[in-house]
Amino acid sequence: MPEKADRVQDQLVAFLPNLRRFAIALCRSRDIADDLVQRACERALANEQRFEPGTRFDAWMFTILRNLWIDDIRKRKVAGPQDDIDGRHDIAGVSGEREMEARLALNSVAQAIGDLAADQRDVLLLVCVEELSYKEAAEVLAVPIGTVMSRLARARRNLAEATGITSAPTRSPVTKGAAK
């Protein structure tokens, strides 16, 4: 049994950056994300016997983290409002025109992602950021693969519209092989 515990612990340490990135994307607050990651690690270590060797460790950890986040949301509905990082104006930034343009573009994309429906945002983050396959994302979210594909397509379309990315040019009205 110590072998299995060592493997879970080793995988957990190596996976912490990915877990933290996903937590920050979910809750949009580094402090809350750090607490969420810590609780996810505690839960994983306490339940390491439930991890089945040969399965995707990242999917297991994302599921634990997401379930904890959902529990937090439910608790917050009862507890009341919290301070959001978007309201912080005292955070120092990098000066320079290029950096400012990049930051504005990034903020625009982050806002657009934040404005997506929660189901679309979760799929987008799991597939595009965390690089899970459609099947793995479907398992984490407990939905069919077709639902993942549909939500991802809608998320991408909504994100492109919100950020002003234009779609590919429409095809010419002339059909292939038509007489001139």
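Guide: Welcome! Let us start with a definition: rings of Phe, Tyr and Trp (its six-membered ring) pair if their centres lie within 6.5 Å, and planes under 30 degrees apart count as stacked, over 60 as edge-to-face and the rest as tilted. A search of the whole structure finds six such aromatic pairs. This is a predicted model, in which local features need pLDDT of at least 70 and side-chain atom pairs count only at pLDDT 80 or more, while totals for chains, interfaces and linings use all residues. Residues are numbered from 1 along each chain as its sequence is written, and side-chain values use heavy atoms, leaving out hydrogens and water.

Visitor: What makes Phe15 and Phe57 an edge-to-face pair?

Guide: Their ring centres are 6.0 Å apart and their planes stand at 80 degrees. The limits are within 6.5 Å and over 60 degrees, so the pair is edge-to-face. Phe15 belongs to helix α1 and Phe57 to helix α3, so the pair ties together parts that are 42 residues apart in sequence. Helices here are DSSP runs (H or I, at least four residues), numbered from the N terminus.

Visitor: Why is the pair of Phe57 and Trp60 called tilted?

Guide: Its centres are 5.9 Å apart, with 50 degrees between the planes. Phe57 and Trp60 are three residues apart in helix α3, about one helical turn. Together with Phe15, Phe22, Phe51 and Phe62, they form one aromatic cluster.

Visitor: How do you know that Phe22 is buried?

Guide: Buried means under 20% relative accessible area, exposed over 50%, and partly exposed in between (1.4 Å probe, protein chains only). Phe22 has 1% relative accessibility, so this residue counts as buried. Phe15, at 9%, is buried too, and so is Phe57, at 7%.

Visitor: Which residues does Phe22 touch, neighbours in sequence aside?

Guide: Contact means heavy atoms within 4.5 Å. Not counting residues up to four places away in sequence, Phe22 touches Phe62, Leu65, Leu125, Leu126 and Glu130.

Visitor: Which residues have the most contacts inside the largest nonpolar core?

Guide: They are Leu19, Phe57, Trp60, Met61, Phe62, Leu65 and Leu126, in a core of 42 residues. Helices α1, α2, α3, α5, α6 and α7 each supply at least two of its residues. A nonpolar core is a set of buried Ala, Val, Leu, Ile, Met, Phe, Trp, Tyr and Cys residues joined through side-chain atoms within 4.5 Å.

Visitor: What makes the buried residues of α7 line one face of the helix?

Guide: Val148, Arg151, Leu152, Ala155 and Leu159 are buried in α7. Seen down the axis, the buried residues fall within an arc of 105 degrees, so they line one face. The arc is that of the directions from the helix axis to the C-beta atoms. These residues pack against α4, α5 and α6.

Visitor: Why is Asn158 called partly exposed?

Guide: Asn158, in helix α7, has a relative accessible area of 25%. That value lies between 20% and 50%, so Asn158 is partly exposed. Beyond its neighbours within four places in sequence, Asn158 contacts Leu116 and Gln120.

Visitor: How many disulfides are there?

Guide: A disulfide is a pair of cysteine sulfur atoms within 2.5 Å, and the count by this rule is zero. Cys41 is buried at 12% relative accessibility, whereas Cys128 is partly exposed at 37%.
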